[in-house]
Amino acid sequence: MALGWKLHGDGKTMGPDDVVAPDERLAWGRTIGLGAQHVVAMFGATFVFPLVMGLNAQLAIMMSGIATICFLLIVKGKVPSYLGTSASFVGAVVAIRAQGGTSQQVTGAILVAGLVLALVGVAIHFLGSSIVHKVLPPVVTGAVVMLIGFNLAPVVAGIYWPQDQWVALLVMTFTVVCAVAFRGFVSRIAVFLALIFGYVISWIFDKAFGQITSYDAGAGKVTTHFRTNFDNLAAQPWFGFPPSTTTGADGKEIAGIHAPSFSIAAILLVLPAVIALVAENTGHVKAVAEMTKTNLDPYMGRAIAADGVGTVIASAVGGSPTTTYAENIGVMAATRVYSTAAYYVAAVVAIIFGLSPKFGALVASVPGGVLGGITVVLYGMIGLLGAKIWKENGVDFGNPINLVPVSAGIIIGIGNVELKFTDSFTLGGIALGTIVAVAAFHLARSLAPADLRARADSARGTMISLGEREGDYGDADGIDDLYQDRPGGPDLRRR
């Protein structure tokens, strides 16, 4: 059942070995408290990624709540998860905007990708999850994840970091320390804490050192300005829909609620993110299955399709793409409470935040240097997760079937190599790199001698999840060890 929960025990006390199942709940007061934890866990990444994509963060928060409710209904409450903003689209969106693409074309391309993801989920539901590993083996998935992350390096170097290099350096250091020096919940909200730290440091620097002369994203040139600017905050009402337009950290106009438009070139740039999302959702479902000790394979296709539906719904009104969040999976691992009731609470809270223009103005005022410090970590983590997928699946790069085709795809994707078809249509970067990685791998495998194919097939075929925001992902083995501070568990942190 998607709605209707049994009370776990007396709803107030939990023994050391108690587990609250997805169809159970604690007392509503405790459930609301758990829902608040889920909101904090997803909060940082859910509004950072819209900012770097030039989309409205207030709208993204609101639509994440709506998408989460749709997800829970589609999976019939069997897979407790929160749908926050996906990092997998950031590189493609940056490329679209670099070619002069509008916000309408961006959200139109994301909508099509969401529709494709939903159809892939339907196919997996009827054909079985094994089809994923045949079409997208770990060597290919890892390559796509890597090129998506590392393709974003010029964005950090050219836009965010130069706005305030010293604040960026301090925020980067704080993010690293917070993520690794603490365990459990604190480490999982490192991005959120880094945003608060960055705000405080920027305000202190304004008071102590005055204005800074650097690149001003709002003006599009080097100016003398304060790091923090809250002028627009006071003018915004507490309640209302996202405004029609705002100015993003890159100085470009951000559309609020709007209808998407469709561009073939933009769609082709975004479609590779579908591969990343299939890997991500597959890993997250397996993680939840391990924690709840249930077989969720029959719901794998539903979960992937539901993520696609969430992305379609969000982008249809100009919102950001969605994905299941490992931050929230980590909260479940730490609390042993897998109740979907807490996720419904989190979704409602997100919708309320999304209906506050004052909150939206606060998010839009994040200093560029703060984003520089956070994104330099997040983008690198996304790229390195590709290597993590290879490692955890035992990919053998001594085998030319694995080495040769994906190496070409990675360099094309990271280096923004282009293939020009006509004066008006060029394929390059992430899109071309993904096509080369996937197609060249299957071509190489079909042409290779039997012994090389046998070696390639002997590697572990279990797909593990991808990290976005834009963060760290891992498989489910030993997850309880991690959150009880025992050695041996993999790190499931995701940004």
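**Two residues in a predicted model**

Reader: Is Lys-76 buried, partly exposed or exposed?
Author: Lys-76 has a relative accessibility of 41%. Buried means under 20% relative accessible area and exposed over 50%, with partly exposed in between (1.4 Å probe, protein chains only). Lys-76 therefore counts as partly exposed.

Reader: Happy to hear it! What should I know about the model, and what is the mean pLDDT of the chain?
Author: This is a predicted model, where local features need pLDDT of at least 70 and side-chain atom pairs count only at pLDDT 80 or more, while totals for chains, interfaces and linings use all residues. Residues are numbered from 1 along each chain as its sequence is written, and side-chain values use heavy atoms, leaving out hydrogens and water. pLDDT is the predictor's confidence in each residue, from 0 to 100. In the chain, 78% of residues reach 70 or more, and the mean is 76.

Reader: Which loop holds Lys-76?
Author: Lys-76 is not a glycine, yet has a positive phi of about 60°. Helices (H or I, at least four residues) and strands (E, at least two) are DSSP runs, numbered from the N terminus. On that numbering, Lys-76 belongs to the loop between α2 and β3 (83-85).

Reader: And Thr-68: which residue's backbone oxygen lies 2.8 Å from a polar atom of its side chain?
Author: Thr-68 sits in helix α2 (residues 57-74) and is buried, because its relative accessible area is 0%. Beyond neighbours within four places in sequence, its contacts (heavy atoms within 4.5 Å) include Tyr-82 and Tyr-343. The backbone oxygen lying 2.8 Å from a polar side-chain atom of Thr-68 belongs to Ser-64.

Key. Polar contact = N/O pair within 3.5 Å; in protein donor to acceptor, adjacent residues only side chain to side chain.
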